[in-house]
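Here is a short report on one protein model. Look at the sequence and the fold, then read on.

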Amino acid sequence: MTRHHDRRRFAGAAGRPIDAGFTMVELVTVIVVMGILGAIGASRFFDGDIFAGRAYSDRAKSIIRSAQKLAIAQNRLVFVRFTPTNFAVCFNAACNNAAALAFAPGGSNSGSTATRAACVLGGNYIASWMCEGTPPNVAVTGVGSGGLFFDRMGRPYNTNDVDGASTFQPLTLTVTSGASVYQFTVEAETGYVR
């Protein structure tokens, strides 16, 4: 018994067979478009500065947010020191050995080469300190004030204003890496980081 194919499954509306597949023009067009997208994507993928800048910006925001939560949870002043080389959390403005008791989320900081060089107290790198060093080819601007602190209610103040008499102005920090620029702001009164 031989099988006969049911031509109705392979026939178009007019009863003609349907041609399946792609034309040469369609295939070439897809290859060209994929090549262009691949060239653009590969150049961004292999430019590590783009990723380093974004990651450092996110870590800096996380450090500031964690410091605010720590101030509220422990009912004490918590200081965020920032310089062009690092962001760090301490329990006093001097940020000495006894003040670096703020543990990093997850138990340790990133441990990157820049962090190991910048997060040192008393000559020793402190892995559990909530501190991150600025990666190479990443620049941070807007850190001229040297830092801020959060009071027991989570309100931000300038580091030099330990009596809380002056008004904190919104603080915008800019992280630049290659052609990429990331900005975030610490809002006045609420300390919200956006």
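## Salt bridges

Asp151 forms a salt bridge with Arg155, and their closest N and O atoms are 2.8 Å apart. A salt bridge here is a side-chain nitrogen of Lys or Arg within 4 Å of a carboxyl oxygen of Asp or Glu. Arg155 is partly exposed, at 25% relative accessibility.

A word on the source: this is a predicted model, in which local features need pLDDT of at least 70, side-chain atom pairs count only at pLDDT 80 or more, and totals for chains, interfaces and linings use all residues. Residues are numbered from 1 along each chain as its sequence is written, and side-chain values use heavy atoms, with hydrogens and water left out.

Side chains of opposite charge can pair when their charged atoms come close. How many salt bridges does the structure hold? There are five. The table lists some of them.

| Pair | N to O distance |
|---|---|
| Asp58 and Arg54 | 3.4 Å |
| Asp151 and Arg155 | 2.8 Å |
| Arg194 and Glu187 | 2.6 Å |

Asp58 and Arg54 are four residues apart in helix H2, so about one helical turn separates them. Helices (H or I, at least four residues) and strands (E, at least two) are DSSP runs, numbered from the N terminus. Asp58 is partly exposed, with a relative accessible area of 34%. Arg54 is partly exposed too, at 42%. Both belong to a network of salt bridges that links Arg54, Asp58 and Lys61. Arg194 is exposed, with a relative accessible area of 51%.

## The nonpolar cores

Now turn to the inside. A nonpolar core is a set of buried Ala, Val, Leu, Ile, Met, Phe, Trp, Tyr and Cys residues joined through side-chain atoms within 4.5 Å. The largest one has 28 residues. Those with the most contacts inside this core are Ile64, Val80, Phe82, Phe87, Leu148, Leu173 and Phe184. Several elements give two or more residues to this core, among them helix H2 (48-74), strand E1 (78-82), strand E2 (86-90) and strand E7 (147-150). Which element gives the largest share? H2 does, with eight residues.

Val80 shows the packing. Not counting residues up to four places away in sequence, Val80 touches Ile63, Ile64, Ala67, Ala88, Gly146, Gly147, Leu148, Phe150 and Thr159. Contact means heavy atoms within 4.5 Å. A second, separate core has nine residues, including Ala88, Cys90, Ala100 and Trp129.

## A three-strand sheet

Three strands form an open sheet in the order E6-E9-E10, with antiparallel pairing. Two strands pair if DSSP finds at least two bridges between them. E6 and E10 are the edge strands, and each pairs on one side only. From one strand to the next, the twist averages 15 degrees.

Take the two pairings in turn. Four bridges join E6 to E9. Val140 stands opposite Val175 in E9, and Thr141 stands opposite Thr174 in E9. E9 and E10 pair over seven bridges. Thr176 stands opposite Val181 in E10. E9 and E10 also form a hairpin with two residues between them. In that turn, Gly178 has a positive phi of about 60 degrees.

Is E9 mostly covered or mostly open? E9 is mostly covered, with five of its seven residues buried. In a regular strand the side chains alternate between the two faces of the sheet.

Start with Thr115, in helix H3 (residues 113-118). Thr115 is buried, at 0% relative accessibility. The side chain of Thr115 makes a polar contact with the side chain of Glu132 (3.0 Å). A polar contact is a pair of N or O atoms within 3.5 Å; within protein, one must be able to donate a hydrogen and the other to accept it, and residues adjacent in sequence count only if both atoms are side-chain atoms.

Next is Asn137, in the loop between strand E5 (131-133) and E6. Asn137 is not a glycine, yet its phi is positive, near 65 degrees. Asn137 is exposed, with a relative accessible area of 56%.

Glu189 is exposed, at 55% relative accessibility.

Conventions. Buried < 20%, exposed > 50% of the residue type's maximum accessible area, 1.4 Å probe, protein only. Axes fitted to C-alpha atoms, helices over the stretch in contact; angles between N-to-C directions.
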